[in-house]
Amino acid sequence: PAKRKGMPEVSGGRYSAMIETVIFDPANPNRVLAFSGTSRYWNESDTFGWIWESSDGGENWKHIGTISGDGFSTAKKKGANIVWAQYKPGSKTEIHILAAGAGWFVS
């Protein structure tokens, strides 16, 4: 079964939450972050820019924020196309995010 409980339902054969990157928290392997966007620059999605968090290894997800041209917010709004995200090498807390049209973000 798909591990997507808490994300929008699939409808009409379209992606409901297009995920570009999934990263595991190096300090807590049960915490997983998923970033919505596509490095292929496909059609935009209403969930572009959304950051999802799972605290149970990917079984359940919740929206924790949105990256947009205005910066970071907790609003569930259409955001920027996240094309890359990762923890800074050697860091257990600092995440770097690249969003097309919005820039580079550091947590």
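This is a predicted model: local features need pLDDT of at least 70, side-chain atom pairs count only at pLDDT 80 or more; totals for chains, interfaces and linings use all residues.
1. Leu98 lies in strand S7, where strands (E, at least two residues) and helices (H or I, at least four) are DSSP runs numbered from the N terminus. At 32% relative accessibility Leu98 counts as partly exposed, given that buried means under 20% relative accessible area, exposed over 50%, and partly exposed in between (1.4 Å probe, protein chains only).

2. Residues are numbered from 1 along each chain as its sequence is written, and side-chain values use heavy atoms, with hydrogens and water left out.

3. Strand S7 is joined to strand S8 (residues 103-106) by four bridges, and the two run antiparallel; strands are said to pair if DSSP finds at least two bridges between them. Opposite Leu98 stands Trp104 in S8. The hairpin of S7 and S8 has two residues between its strands, and within this hairpin Gly101 takes a positive phi near 80 degrees.

4. On the surface, Leu98 and Trp104 belong to a nonpolar patch that they form with Trp84 and Val106, with about 370 Å² of accessible area together. Such patches are made of residues with over 30% relative accessible area and no salt bridge, like charges being joined within 9 Å and nonpolar side chains (Val, Leu, Ile, Met, Phe, Trp, Tyr) within 5 Å. The areas come from the Shrake-Rupley method with a 1.4 Å probe, and for residues only the protein chains shown count as cover.

5. Ile95 deserves a separate look: leaving aside residues up to four places away in sequence, Ile95 touches Ile23, Leu33, Phe35, Gln86, Tyr87, Phe105, Val106 and Ser107, where contact means heavy atoms within 4.5 Å.

6. Strand S4 is mostly covered, since five of its seven residues are buried. S4 pairs with S3 in the antiparallel sense over four bridges, and in this pairing Trp52 stands opposite His63 in S4. S4 is also joined to S5 by three bridges, again running antiparallel, and these two strands form a hairpin with two residues between them.

7. Phe72 is found in strand S5 (residues 71-73) and is the bridge partner of Ile67. Not counting residues up to four places away in sequence, Phe72 touches Ile51, Ile64, Gly65, Thr66, Ile67 and Phe105. The C-alpha atoms of Phe72 and Gly101 are separated by 14 Å, the two residues being 29 residues apart along the chain.

8. The count of salt bridges comes to five, a salt bridge being a side-chain nitrogen of Lys or Arg within 4 Å of a carboxyl oxygen of Asp or Glu. One of them joins Glu59 to Lys3, with the closest N and O atoms 2.4 Å apart. Glu59 lies in the loop between strand S3 (50-54) and strand S4 (62-68), and Lys3 in the segment before strand S1 (19-25), so the pair ties together parts that are 56 residues apart in sequence. Glu59 is partly exposed at 40% relative accessibility, and Lys3 is likewise partly exposed, at 48%.

9. A network of salt bridges links Asp25, Arg31, Glu53 and Lys62. Within this group, Arg31 meets Asp25 at 3.1 Å, N to O, and Arg31 also forms a salt bridge with Glu53, where the closest N and O atoms are 2.6 Å apart. The pair of Glu53 in strand S3 and Arg31 in strand S2 links distant parts of the chain, 22 residues apart. Arg31 is partly exposed, with a relative accessible area of 22%, whereas Asp25 is buried at 10% and Glu53 is buried at 15%.
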